[in-house]
Amino acid sequence: MKIDLKTIKDLAENIDKYNLNEVVIESEGAKVTLKKEIPAAVETVTAVQRAAVVQNVETAAVEEIVETTVETEEMETINSPMVGTFYKSSAPGNPAFIAEGQTVSAGDTLCIIEAMKLMNEVKSHKNCTIVKILVEDGQLVKKGDKLFSVK
């Protein structure tokens, strides 16, 4: 097979036609390599953009965690007295016992922890304001887990 300009043009057309990245032909001691060039700038920009987005998401998540940690470390907390499931209200559809920002008195019911099919009320041990509810309704808690930030 003779490698001439027509053969090279045919090979170049076949690269696009068959979506090839590279074609190599060798004949009578001559070797021709045709490569489809992929724009590197597009890939670089995409990779840089992805890295920036990932970094921004990670930074935001870290900042949120730091803010939450600082808030709860500076405040007094009411902790779970037992292992069980945390509930904000006495039954599904009923209003929550308390809300964030609400002032409660000593002895007020704050939540229920269900343990072994028994509903145990968690009561406030002093007059205080609920700053933040630290667990979600229906979440499993362990003894000593922080339930509420108070001041």
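**Exercise 1.** With which side chain does the side chain of Thr77 make a polar contact?

*Solution.* The model is predicted: local features need pLDDT of at least 70, side-chain atom pairs count only at pLDDT 80 or more, and totals for chains, interfaces and linings use all residues. Residues are numbered from 1 along each chain as its sequence is written, and side-chain values use heavy atoms, with hydrogens and water left out.

Step 1. Helices (H or I, at least four residues) and strands (E, at least two) are DSSP runs, numbered from the N terminus.

Step 2. Apply the criterion. A polar contact is a pair of N or O atoms within 3.5 Å; within protein, one must be able to donate a hydrogen and the other to accept it, and residues adjacent in sequence count only if both atoms are side-chain atoms.

Step 3. The partner is the side chain of Asn79, at 3.0 Å.

Step 4. Thr77 has a relative accessibility of 16% and counts as buried. Buried means under 20% relative accessible area, exposed over 50%, and partly exposed in between (1.4 Å probe, protein chains only).

**Exercise 2.** List the salt bridges and describe the setting of each.

*Solution.* Step 1. A salt bridge is a side-chain nitrogen of Lys or Arg within 4 Å of a carboxyl oxygen of Asp or Glu. The count under this rule is three.

Step 1. Lys6 and Asp10 form a salt bridge, with 3.2 Å between the closest N and O atoms. Both belong to helix α1 (residues 5-17), where a spacing of four residues separates them by about one helical turn. Lys6 is exposed at 56%, while Asp10 is partly exposed at 32%.

Step 2. Between Glu76 and Lys126 the closest N and O atoms of the salt bridge are 2.6 Å apart. This pair links distant parts of the chain, 50 residues apart: Glu76 is in strand β3 (residues 76-79), and Lys126 is in the loop between β7 (118-123) and β8 (128-133). Glu76 is partly exposed at 36%, as is Lys126 at 30%.

Step 3. Glu121 and Lys123 form a salt bridge at 2.9 Å, N to O. Glu121 is partly exposed at 46%, and Lys123 is partly exposed at 43%.

**Exercise 3.** Which residues of α1 are buried, and what do they pack against?

*Solution.* Step 1. Check the length. The expected span is 1.5 Å times one less than the number of residues. For the 13 residues of α1 this gives 18 Å, in agreement with the 18 Å between its end C-alpha atoms.

Step 1. Thr7, Leu11 and Ile15 are the buried residues of α1. They fall within an arc of 85 degrees when seen down the helix axis, so they line one face; the arc is taken from the directions from the helix axis to the C-beta atoms.

Step 2. These buried residues pack against β1 (22-27) and β2 (30-35), contact meaning heavy atoms within 4.5 Å.

Step 3. Exposed residues on the other side of α1 include Lys9, Glu13 and Lys17.

**Exercise 4.** In what order do the four strands of the open sheet stand?

*Solution.* Step 1. Two strands pair if DSSP finds at least two bridges between them. Strand β6 (residues 109-115) and β7 pair in the antiparallel sense over six bridges.

Step 1. In this pairing, Cys111 stands opposite Val122, and Ile113 opposite Asn120.

Step 2. β6 and β7 form a hairpin with two residues between them, and Met116 in the turn has a positive phi of about 55 degrees.

Step 3. The order is β7-β6-β4-β9, with antiparallel pairing. The edge strands, β7 and β9 (140-141), each pair on one side only.
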